[in-house]
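Here are my notes on this one, as promised. Have a look at the model first, then read on.

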Amino acid sequence: WYGIFICALGALFYCYEYILRIEPSVMVPELMQSFQLNAQGLGWLVGMYYYAYTPMQAVVGISTDHWGPRRVLVAALVLCVLGSFLFGLTDNVAVAAVGRLLVGMGSSFAFVCALKLASLWLPQKHFALFAGLTTALGMLGGMFGNIGMQQVVDHFDWQQVLIASSVFGIFLIPLYWFCIPEHTELVSARTKVVHSFKSLLLGLVEIFCMPQMLLSGLIGCMLYLSLSAF
């Protein structure tokens, strides 16, 4: 049961970062007016999230294996909170873009860390079920962000909504630090794990030479494109 609780915390962060991801979509008129942006400029500002999120996928797995999900999750939460605060407190579009970059960087660890926790704390037969439930929880976060948060933005200032999201993240930081222990498997294996830049590049080249991996990546790309980009 404690393992389920720990994994639920990982899934909760995925839900939280998903809300942060789609928040600007319910604030479009307010953001365009506050930052004096047209549709193209707003698309650039919101897209800054993915300029950090996408390349970080190459290193989130290595970082999680080396440092452990607890440290990585707390660091990711700090980045999300800082980025959300920057975005909510400024009227400068460049500062807001930096805030979205930080949110994207922190959010990039969410799903991988949740799966890492499941691999450590749950029986292997439940791994696929947990992955599906975590994805579903993220979609619920998106539903709340698009439906419930729209009503919140109608009654409160968009900046107040972003600050409230940041404050919620602050409360999560000590919860994750004190409730997710270091797994004994990680502690014993950490000294054996050595990742160099050269080994990372060789691993990426090996992956790109595998047709099955390329096909899986293409399928994931098309699914992700319809979900996030459009």
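The points below go from the overall fold to salt bridges, rings and the surface.

1. A word on ground rules. This is a predicted model, so local features need pLDDT of at least 70 and side-chain atom pairs count only at pLDDT 80 or more, while totals for chains, interfaces and linings use all residues. Residues are numbered from 1 along each chain as its sequence is written, and side-chain values use heavy atoms, with hydrogens and water left out.

2. Overall fold. The protein chain has 13 helices and 0 strands; helices (H or I, at least four residues) and strands (E, at least two) are DSSP runs, numbered from the N terminus. The C-alpha trace spans about 50 × 40 × 30 Å along its principal axes. A compact globule of 230 residues would have a radius of gyration near 17 Å, and the 18 Å of the protein chain agrees with that. That radius is taken over C-alpha atoms, and the globule rule is 2.2 Å times the number of residues to the power 0.38.

3. Burial. Of the 230 residues, 41% count as buried. Buried means under 20% relative accessible area, exposed over 50%, and partly exposed in between (1.4 Å probe, protein chains only).

4. Salt bridges. How many salt bridges does the structure hold? There are 2, each being a side-chain nitrogen of Lys or Arg within 4 Å of a carboxyl oxygen of Asp or Glu. One joins Glu17 to Arg21, with the closest N and O atoms 2.9 Å apart. Both Glu17 and Arg21 are buried, and being 4 residues apart in helix 1, they are separated by about one helical turn.

5. The other bridge. Lys116 and Asp65 meet through their side chains at 3.0 Å, N to O. Lys116 lies in helix 7 (residues 110-121) and Asp65 in helix 4 (residues 60-67), so this pair ties together parts that are 51 residues apart in sequence. Lys116 is buried at 17% relative accessible area, whereas Asp65 counts as partly exposed at 33%.

6. Charges over rings. Arg21 turns up again here, lying over the face of Tyr53 at 5.1 Å from the ring centre. The charged end of Arg70 sits over the ring of Trp177, 4.0 Å from its centre. The rule is NZ of Lys or CZ of Arg within 6 Å of the ring centre and within 35 degrees of the ring normal.

7. Aromatic pairs. Rings of Phe, Tyr and Trp (its six-membered ring) pair if their centres lie within 6.5 Å; planes under 30 degrees apart count as stacked, over 60 as edge-to-face and the rest as tilted. The count by this rule is 11 aromatic pairs. One of them is Tyr49 with Tyr50, edge-to-face, at 4.9 Å centre to centre and 75° between the planes. Tyr49 is buried, with a relative accessible area of 0%, but Tyr50 is partly exposed at 24%.

8. Around Trp121. Ring pairs link Tyr2, Phe5 and Trp121 into a cluster. Ile4 is partly exposed at 44%.

9. Surface patch. Leu215, Leu218, Ile219, Met222, Leu223 and Leu225 make a nonpolar surface patch of about 580 Å². Leu223 lies in helix 13 (residues 211-229) and is exposed, at 57% relative accessible area. Patches are made of residues with over 30% relative accessible area and no salt bridge; like charges are joined within 9 Å, nonpolar side chains (Val, Leu, Ile, Met, Phe, Trp, Tyr) within 5 Å. Accessible areas come from the Shrake-Rupley method with a 1.4 Å probe, and for residues only the protein chains shown count as cover.
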